[in-house]
Amino acid sequence: MHVRRLAVTAAAAAALVLPLAVPGHAAAPSRTSAPAAALKYDVTITRTENGTPHILAKDWKSLGYGYGYAFAQDNICVMADDYVTVDAQRSYFFGPNGTYSQRGNSTTPNNLNSDVFWQGVIDDKRVTKLAALPPPQGPKPELKMLAAGYVAGYNRYLADVGGSQGVTDPTCQGKPWVRPITIDTAYRRFYQLQLLASQSVAIDGIGSATPPSPTQPAGSTLPTGDPAQVAGQLADTFKTLAIGSNAVAVGKAGTADKTHGLLLGNPHFPWLGTERFYQAQLTIPGVVNVEGASLYGVPLVLIGHTDSVAWSHTVSTAFRFTPYQLTLVPGSPTSYLYDGKVMPMTSQTVTVHTSPTKTVTRKLWYTKFGPVFTTLEGIPLPWTDATAFTMRDGNANGLGLLVNHFFDVDRAQSTLQVLDILKKYQGIPWVNTIVSDRNGQALYADIGSIPNVPDDLAHSCDTALGAATFLALGLPVLDGSRSACEWRNDPDATQPGHFGPSHMPYLLRDDYVTNSNDSYWLANPKQPLTGFARIIGDTDTARALRTRIGLIMTQDIVDHGGFTRQKMQDMVFSDRQYAAELTRDALVGVCDSMLGVAPSTSSGAVPLGNACTVLAQWDLKEDPDSRGALLWRRWWAHVIVSAAVKTVQPWLTPFSSSDPVHTPNTLNVALPLVRTALGDAIVDLDNAHIALDAPLSVAQYSTKDGEKIPIPGGPGTYGDFNAINVVWNPTTGYAEPPHGSSYVQVVTWHDATGCPDVATILTYSLSSNPASPYYADQTKMFSKKQWATERFCADTIAAHTVSSKRLTSSSVSGSTPATEPPKRPTVTPPGGSLAATGLDATLGGVALSLLGGAFVARRRTRV
């Protein structure tokens, strides 16, 4: 048993939930409050190295309170911006013509379209109703307490600093949109994440969908192109989604000690916005003890470990929605045919504030399947006189299933328990799950909210567009005019229209399983998974280069002594460039044969200079000091683009299902594009004023406080396991990393200590606030491929404590936020102050009452 005593200090403020007036600004649409019973909170936030908060609480509401407070301390600006989104107020604060980045799905919705979408969610009380359902469809009572505590803790921090004026992050200091939140706002953030890979990819298309005017001429049902063209555009778009991941679960047969399991979690998520990870430990002694990371605004660990089990996630290839293509009634574009009967669409009128005095009113349109939309991932799917598209979303009704899943996983102690939880809820919205445990059992599973569209249903019900999209990317577009094309039902499914666990892939092994965003097929090549619906993923097709290098490295270590924590750390940051391993030597041969010049697309013949030598001497890695990585990377970028345009393969040896890990391979040096791409690469570097032999650090870095911090890694699509997916700027080189390796954890166990043995790194650091000491520290560590030693057990936390703060509240002043912002804002004179709210007196009284409770000793045990 690990025990420590904490010296704690008293907090000096109550949690207030008052909309703050900001000098110089008209009052925004407010989040109002309803009276509620007094709540009591008692929680200690202990920070260790790199700022990691270890939150020790007496109950669930106190746990949420501590998490909300700590999280707001570190990331108030980023989260407040997103709460504006789910409160349908982006147009009000940032203008109706602006856009914002949903970095988790690579879309940039228009503010007004987004507000219309979210105002529809608010007006129909969709999330409120989902949260009110009894478990398992709705959240468990403990989760509701956790969420209420989170809201109060977030608001408590804002009250403690004196509102937005007291926020130290200059990004949002004094901004009127930094305000207390309501419980409904918090739940809508959960719902936003749930819809990330379904309705959220069509927000612009849903928010702006308008019936065709009577004067619009009749024409093609797909005026933007034929089905194959549209399918190709969608396939290209979905292949370039911003989020991805690696995960490896090693069983006891694959570890060096042959006794315990080991897990790598390596999500490749955005470095900006709210789809970042926040690391924390959540503890209620004897009830829960979990450490890891969650996406912003979620007071649960989503990737992490308990005492005896560890898990991670990778983005799944399974679609969680299907479009339905409607056959419209002639002369009535808001009516459609269903089994020969006329079905009227329904509409919802919503009003959005674009300023204190202006509003915009629009209609949202719905069918029996779901909302009508006119774009998908930015690809137009127009609403014409003959047809329209509507979306059935497998994630739309599963809010409770999602949060209950993670609530239970955060208390699980074995791989089999996690598998049972996956089957019980099927609440995972868009990811695979990879698990290992203390006893050495490894699991891969894609069990979640997947539409029950088996292949025979897709083939019989796909429209012409659906046949093309199903072939190109596995997404059916079903005929909405026939009841026979409804999703099917499985008796073991948690929701109607979803596959049950018996029809979804999973694999238990004692050596290893892994996933790097390809389908389930080769979770372990020794036991391929087959026989599942195409909507879940494909088989017998070429795997991505990142998948292949991951499988190669994993199998090699298993075959040569097995994994230790250090070996896994070395593997994930080895920065081998697999495509270069397959092509570099052949490229050098081509370069040497070119007699000093190379053709280029735009600049004619260009001198090779020392290009051949640089490539030959390159170490085939993408470390900050690797010379030649930039030249090769630009060459390969031109090769794959040119090959795609010319519809040729750069490989001589094609893919073979009998050797899927190592094929295709062997560069086809006879292709003229191989030479032209080298000339284009030289031109690229010259235009960006980068020497051919410049180290990677010259062009790949993250800027923090004006300091350029070199970033290791490279594009995952090129075969770097440590994916850093940067975008080339023709005049300056690579831009700041938008996404890639983010929260990385390696977890294993040893009997000698009993405590999980964990190394982590949060690549962009814990805090988004430039004024925080935790803004750049881990980024600098990542630059040097250094890791943080996680502090999980009580004695190690005590030995590495940086700060400790106890938060208590015997009675919450004001009220607990409960209701929605009013639809029509009231404009109040500027110049409101904290004193005018009575805040000063309240804080002073609470401070005096709490000071007598300072230095309370608390006992903490490892549960």
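Q: Thr647 has its place in which loop?
A: In this predicted model, Thr647 has a positive phi of about 50° although it is not a glycine. Its place in the chain is the loop between helix H17 (629–645) and E26.

Q: Is Thr647 buried or exposed?
A: A residue counts as exposed when its relative accessible area is over 50%. Thr647 has a relative accessibility of 69%, so the class that applies to Thr647 is exposed.

Q: What is the relative accessible area of Ser106?
A: Ser106 is found in the loop between helix H2 (90–94) and H3. Its phi is near 65°, a positive value in a residue other than glycine. Ser106 is classed as partly exposed because its relative accessible area is 39%.

Q: How far apart are the end C-alpha atoms of helix H3?
A: Helix H3 covers residues 111–123, which is 13 residues. At 1.5 Å a residue they should span 18 Å. The model agrees with this, since the end C-alpha atoms are apart by 18 Å.

Q: How many of the 13 residues of H3 are buried?
A: Buried means under 20% relative accessible area. Among the residues of H3 that are buried are Asn111, Phe117, Trp118 and Ile122. H3 is mostly covered, and the count of its buried residues is 12 of 13.

Q: Which residues does the network of salt bridges with shared partners join?
A: Asp82 and Arg189 form a salt bridge, with their closest N and O atoms 3.5 Å apart. This pair links distant parts of the chain, as Asp82 is in helix H1 and Arg189 in helix H6, 107 residues apart. Asp82 counts as buried because its relative accessibility is 7%, and Arg189 is buried at 0%. Salt bridges that share partners make one network of Asp82, Arg189 and Glu275.

Q: How many residues apart in the chain are Arg438 and Asp307?
A: The side chains of Arg438 and Asp307 meet in a salt bridge of 3.3 Å, N to O. Arg438 lies in the loop between strand E19 (431–437) and strand E20 (442–445), while Asp307 lies in the loop between strand E8 (303–305) and strand E9 (309–315). Both residues are buried.

Q: What is the omega of the cis peptide bond that joins Thr663 and Pro664?
A: Pro664 lies in the loop between strand E26 (651–653) and strand E27 (665–667). Another cis peptide bond joins Pro135 and Pro136, with an omega of about 5°. For the bond between Thr663 and Pro664, omega is about 0°.

Q: Which helix gives the most to the lining of the second largest pocket?
A: The second largest pocket has a volume of about 760 Å³. It is lined by 35 residues, and those closest to its centre are Val78, Arg103, Leu272, Gly273 and Arg276. By class, the lining has 14 nonpolar, 11 polar and 10 charged residues. Helix H6 (183–194) and strand E28 (701–704) each supply at least two, but the most, 5 residues, comes from H1.

Conventions. Residues numbered from 1 in each chain as written. Predicted model: local features only at pLDDT ≥ 70, side-chain atom pairs only at ≥ 80, totals over all residues. Heavy atoms only, no water. 1 Å grid on protein atoms, 1.4 Å probe; cavity = no way out; pocket = protein on both sides within 12 Å on 5 of 7 lines; lining within 4 Å. Points joined across faces, edges and corners; volume = space filled by probe spheres on them. Helix = DSSP H or I, 4+ residues; strand = E, 2+ residues; numbered from the N terminus. Nonpolar A, V, L, I, M, F, W, Y, C, P; charged D, E, K, R; others polar. Expected span 1.5 Å × (residues − 1). Buried < 20%, exposed > 50% of the residue type's maximum accessible area, 1.4 Å probe, protein only. Salt bridge = Lys/Arg side-chain N within 4 Å of Asp/Glu carboxyl O.
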